[in-house]
Amino acid sequence: MEKPKTVKILKFHPERCDGGLGCEKACSQVHFKSDEGGDKSAIRIIKDGTTFKMHVCDQRGLCLDMCPVGALERRKNGTVWLDKNICIGCQACVGFCPIGAMRKSDVRIEPFKCISCGACVRACPNNALELVEVKIEDIKEIVYHKQGV
Ligand code: SF4
Ligand code: SF4
């Protein structure tokens with residue numbers, strides 16, 4: 001299979017964000033069928049003084065080769081994908097991700113991450129999120145905000 005050259009990643013427009021967190025709730029629906037957002041969301045919106053920052057996977061794929069059982073792959077559409085049927089829940093990718101965007105789940109053994117599904121984009125009433133297509137080779141330093149730092 002020819003390797004994908006592009007991928008859709010999330011772009012954030014902080015000036016449009018009102019902190020309503022509809023995006024987080026939509027994302028936790030996708031991953032956990034829950035409206036909780038927060039720790040069950042792959043995207044996090046963090047207050048930063050008078051503005052907001054987005055924290056989410058940039059689909060760069062630095063983790064792809066480090067999974068000991070090969071559960072991480074780049075799909076045809078370019079997104080970095082965790083195969084739940086292969087993952088053994090070692091959490092190595094959670095510790096490895098340099099921007100902390102692979103998230104540990106408190107209800108399943110396997111971690112979870114953004115799959116560029118666009119549910120958060122559709123949920124935002126202010127159009128503060130957008131999915132944009134980028135060349136995978138150009139994703140270098142799109143580091144948003146490492147949680148806990
Ligand atoms: S938690 Fe799963 S996907 Fe992540 S490194 Fe371990 S086995 Fe691989
Ligand atoms: S694109 Fe989908 S998986 Fe990614 S943060 Fe938005 S709702 Fe979650």
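The following exercises, each with a worked solution, concern a predicted model.

Residues are numbered from 1 along each chain as its sequence is written, and chains are lettered from A and ligands numbered from 1 in the order in which they are written. Local features need pLDDT of at least 70, side-chain atom pairs count only at pLDDT 80 or more, totals for chains, interfaces and linings use all residues, and side-chain values use heavy atoms, with hydrogens and water left out.

**Exercise 1. Describe the largest nonpolar core.**

Step 1. Such a core joins buried Ala, Val, Leu, Ile, Met, Phe, Trp, Tyr and Cys residues through side-chain atoms within 4.5 Å. Buried means under 20% relative accessible area, exposed over 50%, and partly exposed in between (1.4 Å probe, protein chains only).

Step 2. The largest core has 32 residues, and Phe12, Ile43, Ile45, Met54 and Leu72 have the most contacts inside it. Strand S1 (6-12), H1, strand S3 (51-55) and strand S5 (80-82) each supply at least two of its residues; H1 gives the most, with three.

Step 3. A second, separate core of five residues includes Val7, Ile9, Val132 and Ile136.

**Exercise 2. Count the disulfides and examine Cys17.**

Step 1. With a disulfide defined as a pair of cysteine sulfur atoms within 2.5 Å, the count is zero.

Step 2. For Cys17, the nearest cysteine sulfur is that of Cys124, 6.7 Å away. Cys17 is buried, at 18% relative accessible area.

**Exercise 3. Characterise the aromatic pair.**

Step 1. Rings of Phe, Tyr and Trp (its six-membered ring) pair if their centres lie within 6.5 Å; planes under 30 degrees apart are stacked, over 60 edge-to-face, and the rest tilted. The structure holds one pair.

Step 2. Phe32 and Phe112 are edge-to-face, 4.8 Å centre to centre with 90° between the planes.

Step 3. Phe32 lies in helix H1 and Phe112 in the loop between helix H2 (92-96) and H3, 80 residues apart. Phe32 is buried at 14% relative accessibility, and Phe112 is buried at 4%.

Technical notes. Helices (H or I, at least four residues) and strands (E, at least two) are DSSP runs, numbered from the N terminus.
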